[in-house]
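Open the model in your viewer and keep the selection panel handy. We will go stop by stop, and at each one you will hear what to select and what is there.

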Amino acid sequence: MSRTCTICGKGTISGNNVSHAKNRTRRKWKPNLMKVKTKIEGTTLTVKICARCLKSDYIIKKV
C-alpha cells in the first residue's frame with residue numbers, strides 16, 4: 001500500500017532543500033497518515049487517511 005490517503009488522494013510530494021548558500025538538494029514531504037478502523041457499508045475496514053480528513057469527519061473512527 002502506498003503513502004496516499006484513501007479519501008482525498010494526498011500523497012508524497014517532492015521539492016528542494018535550500019541551504020543558506022542556495023545549494024539545492026532533493027527532499028520529500030510525506031502526508032500525516034493514520035491507520036483507522038471504520039465501518040463502511042456494514043463491514044469493518046482499516047483505512048489509511050490523512051489527519052485533515054479525520055479532523056473534518058469524512059470518516060468516523062470505530063471505538
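Helices (H or I, at least four residues) and strands (E, at least two) are DSSP runs, numbered from the N terminus. This is a predicted model, in which local features need pLDDT of at least 70 and side-chain atom pairs count only at pLDDT 80 or more, while totals for chains, interfaces and linings use all residues. Residues are numbered from 1 along each chain as its sequence is written, and side-chain values use heavy atoms, with hydrogens and water left out.

**Colour by confidence**

Start with pLDDT, the predictor's confidence in each residue, from 0 to 100. The protein chain averages 93, and 98% of the residues score at least 70. Confidence is highest in strand 1, at a mean of 98, and lowest in strand 3, at 92.

**The hairpin**

Now select residues 13-18 and 24-29, which are strand 1 and strand 2; they pair in the antiparallel sense over six bridges. Two strands count as paired if DSSP finds at least two bridges between them. Click on Ser14 and look across to Lys28 in strand 2, which stands opposite. The two strands form a hairpin with five residues between them.

Most residues other than glycine have a negative phi. Lys22 counts as exposed because its relative accessibility is 56%. (Buried means under 20% relative accessible area, exposed over 50%, partly exposed in between, with a 1.4 Å probe and protein chains only.)

Move on to the segment after helix 1 (51-55), where you will find Asp57. Asp57 also is not a glycine and has a positive phi, of about 60 degrees. With a relative accessible area of 58%, Asp57 is exposed.

Select residues 33-40 for strand 3, then pick out Lys39. Is Lys39 buried or exposed? Its relative accessible area is 56%, so Lys39 is exposed. For a distance check, draw a line from Lys39 to Lys10: they are 29 residues apart in sequence and 21 Å apart in space, C-alpha to C-alpha.

Thr38 lies in strand 3 too, but Thr38 is buried, with a relative accessible area of 2%. The side chain of Thr38 reaches the backbone oxygen of Ile60 at 3.0 Å. Show its contacts (heavy atoms within 4.5 Å): not counting residues up to four places away in sequence, Thr38 touches Thr43, Thr44, Leu45, Val47, Ile59, Ile60 and Lys62.

**The nonpolar core**

Next, select Cys5, Val36, Val47, Ile49, Cys50, Cys53, Leu54 and Ile59, the eight residues of the largest nonpolar core. Strand 4 (43-50) and helix 1 each supply at least two of its residues, and the largest share, three residues, comes from strand 4. Such a core is a set of buried Ala, Val, Leu, Ile, Met, Phe, Trp, Tyr and Cys residues joined through side-chain atoms within 4.5 Å. Centre on Ile49, whose contacts beyond four places in sequence include Cys5, Leu33, Met34, Val36, Leu54 and Ile59.

**The cysteines**

Finish at Cys50, which is buried at 2%. The closest cysteine sulfur to that of Cys50 is in Cys53, and at 3.5 Å it is too far for a bond.

Conventions. Disulfide = S-S within 2.5 Å. Polar contact = N/O pair within 3.5 Å; in protein donor to acceptor, adjacent residues only side chain to side chain.
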